[in-house]
Amino acid sequence: MSALWQKARDYVKTKEFRDYVTSTHFWGPVANWGLPLAAVNDMKKSPELIGGRMTTALILYSMAFMRFAYRAQPRNLLLMACHGTNVMVQSVQASRYLTYYYGGGAAQATTAATNAATVTTPGAATVATDAPIPTTETCPAACDLEAVCSN
């Protein structure tokens, strides 16, 4: 194992490695990793925020540049890995989008939101939580306002 570390340390000290780190073959893919990292971060968010057209465009873009990274001479495997990861992550986002909008997820979310917006107290009338907050202008007397707000 120490021989492997020694070999890696020796390679880092070479001019070839310094030339690679200072080239666009290195920094282009490093900057490009923002796309798949942002998509991974977006997986935590609601699927209603996913743009179907943009996700499709990013999949096609990354597929095209994956081919470019492999066909270019010298091959840019770091760029190819970045775009391959982006295709996979964006495909997951596309499946979340399709499930939400075409698989009944949006209807279930609307039903759940409607049920959550209505609070039922035993022995009392149903009260909608998105009802306007009473103020002194909407209540005829201050005592009515206190009675409404204390519930």
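Predicted model: local features only at pLDDT ≥ 70, side-chain atom pairs only at ≥ 80, totals over all residues.
Biologist: What makes up the protein chain in terms of helices and strands?

Modeller: The chain has eight helices and two strands. Along the sequence they follow the pattern α-α-α-α-α-α-α-β-β-α.

Biologist: Why are α4 and α6 called roughly parallel to each other?

Modeller: The axes of α4, residues 34-42, and α6, residues 77-102, cross at roughly 25°. Angles under 35 degrees count as roughly parallel, and α4 and α6 are therefore described in that way. Their axes come within 8 Å, and the crossing is left-handed.

Biologist: Which residues of α4 and α6 meet?

Modeller: From α4, the residues are Leu 35, Pro 36, Ala 39, Val 40 and Asp 42. From α6, they are Cys 82, Thr 85, Asn 86, Val 89, Gln 90, Gln 93 and Arg 96. By class, the contact of α4 with α6 comprises six nonpolar, four polar and two charged residues.

Biologist: How do you know that α3 and α4 are also to be called roughly parallel?

Modeller: The axes of α3, residues 24-32, and α4 cross at roughly 20°. The limit for roughly parallel is an angle under 35 degrees, so the term applies to α3 and α4. The axes of these two helices come within 5 Å. Val 30, Ala 31 and Asn 32 of α3 make the contact with Gly 34, Leu 35 and Pro 36 of α4. Four of the residues in this contact are nonpolar and two are polar, with no charged residues.

Biologist: What does Val 87 contact beyond its neighbours within four places in sequence?

Modeller: With those neighbours left aside, Val 87 is in contact with Ile 59, Ser 62 and Met 63. The C-alpha atom of Val 87 is separated by 8.8 Å from that of Tyr 61, although the two residues are 26 residues apart along the chain.

Biologist: How many of the 151 residues are buried, as a percentage?

Modeller: Buried residues account for 19% of the 151 residues in the protein chain. The chain exposes about 11,100 Å², of which carbon and sulfur atoms supply 66%.

Biologist: What percentage of contacts join residues at least 24 apart?

Modeller: Among contacts between residues at least 6 apart in sequence, the value is 62%.

Technical notes:
Residues numbered from 1 in each chain as written. Heavy atoms only, no water. Axes fitted to C-alpha atoms, helices over the stretch in contact; angles between N-to-C directions. Helix = DSSP H or I, 4+ residues; strand = E, 2+ residues; numbered from the N terminus. Parallel < 35°, antiparallel > 145°, perpendicular 65-115°, else oblique. Left-handed = near helix turned anticlockwise from the far one by under 90°. Contact = heavy atoms within 4.5 Å. Nonpolar A, V, L, I, M, F, W, Y, C, P; charged D, E, K, R; others polar. Buried < 20%, exposed > 50% of the residue type's maximum accessible area, 1.4 Å probe, protein only. Areas by Shrake-Rupley, 256 points an atom, 1.4 Å probe, with all protein chains shown as cover.
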